[in-house]
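Look at the sequence and the structure before reading on.

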Amino acid sequence: MHNRGRLLAWDTSERRMADMPRRLARAGVNNTQIRVLASERDPFIKRHRETADRVLLDVPCSGSGTWRRSPDLKWRTSPQDLKELTALQKSILFGAARLVKAGGRLIYATCSLLPEENEEQIAAFLEEHSDFSLLPTAEFLPASLVMDGPYLRLYPHRHGTDGFFAAVLVKNG
């Protein structure tokens, strides 16, 4: 973007946003508005309805993609934790969809390898949002990153990284 346009960096965690100005300065980015939201349903979000070309959601998740380097997380994640996380993910995903304008993209990302946080979330979203469609990552990513369907998946044993998932949804219209 070459510091043109407007980037909006929002999160509900003041702690996670605290180092954002320093990180943006280090990257040479100066066109970002930073805001801590009260919740994923913050009234401020409504003012930006259908205005975004791109919305990137790095949603809270189980972190199962990091279990190889933090194996204790596996034992600290209960079925109830997963149930609460997937409900929050759904709320964030469904709420953020309102921000995307026609032709815009909604990118959903986790550091999880669990289907209930990834593919199942996208399937549930698409069932209720016929105005969105899944954009296969093969259309814009190197072949080495595209495997087993339309999503971006990184695996520790294949890529030497943490596990990662992303889906790109396009708002039709």
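## Aromatic rings

Rings of Phe, Tyr and Trp (its six-membered ring) count as a pair if their centres lie within 6.5 Å; planes under 30 degrees apart are called stacked, those over 60 edge-to-face and the rest tilted. Ring pairs join Phe94, Phe125 and Phe132 into a cluster. The model is predicted: local features need pLDDT of at least 70, side-chain atom pairs count only at pLDDT 80 or more, and totals for chains, interfaces and linings use all residues. Residues are numbered from 1 along each chain as its sequence is written, and side-chain values use heavy atoms, with hydrogens and water left out.

In the whole structure, a search finds 4 aromatic pairs. One of them is formed by tryptophan 10 and phenylalanine 44; it is edge-to-face, with 5.3 Å from centre to centre and 70 degrees between the planes. This pair links distant parts of the chain, 34 residues apart: tryptophan 10 is in strand E1 (residues 7–11) and phenylalanine 44 in helix H3 (residues 43–46). Helices (H or I, at least four residues) and strands (E, at least two) are DSSP runs, numbered from the N terminus. Phenylalanine 44 has a relative accessible area of 6% and is buried. Buried means under 20% relative accessible area, exposed over 50%, and partly exposed in between (1.4 Å probe, protein chains only).

## Phenylalanine 94 and phenylalanine 125

Why is the pair of phenylalanine 94 and phenylalanine 125 edge-to-face? The ring centres of phenylalanine 94 and phenylalanine 125 are 5.4 Å apart and the planes stand at 85 degrees, so the pair is edge-to-face. Phenylalanine 94 belongs to helix H5 (residues 79–96) and phenylalanine 125 to helix H6 (residues 119–128), so the pair ties together parts that are 31 residues apart in sequence.

Phenylalanine 94 is buried at a relative accessible area of 14%, and phenylalanine 125 is buried at 0%. The charged end of lysine 90 sits over the ring of phenylalanine 94, 5.2 Å from its centre. For this, NZ of Lys or CZ of Arg must be within 6 Å of the ring centre and within 35 degrees of the ring normal.

## The nonpolar core

A nonpolar core is a set of buried Ala, Val, Leu, Ile, Met, Phe, Trp, Tyr and Cys residues joined through side-chain atoms within 4.5 Å. The largest one has 23 residues, of which Val55, Leu57, Leu93, Leu106, Ile122 and Phe125 touch the most other members. At least two residues of this core come from each of H3, strand E3 (52–58), H5, strand E4 (100–110), H6 and strand E7 (164–171). H5 supplies the largest share, 4 residues.

Leucine 57 is in contact (heavy atoms within 4.5 Å) with Ile92, Leu93, Ala96, Leu106, Ile107, Tyr108 and Ala109, leaving aside its neighbours within four places in sequence.

## Leucine 135

Leucine 135 lies in strand E5 (residues 132–135) and is buried, at 11% relative accessibility. Leaving aside neighbours within four places in sequence, leucine 135 is in contact with Arg105, Phe140, Pro150, Val168 and Val170. Two of these residues also meet through a charge and a ring: the charged end of arginine 105 sits over the ring of phenylalanine 140, 5.7 Å from its centre.

## Confidence

The predictor's confidence in each residue is pLDDT, from 0 to 100. The chain has a mean pLDDT of 92, and 98% of its residues reach 70 or more. Confidence is lowest in helix H4 (residues 72–76), at a mean of 84, and highest in H6, at 98.
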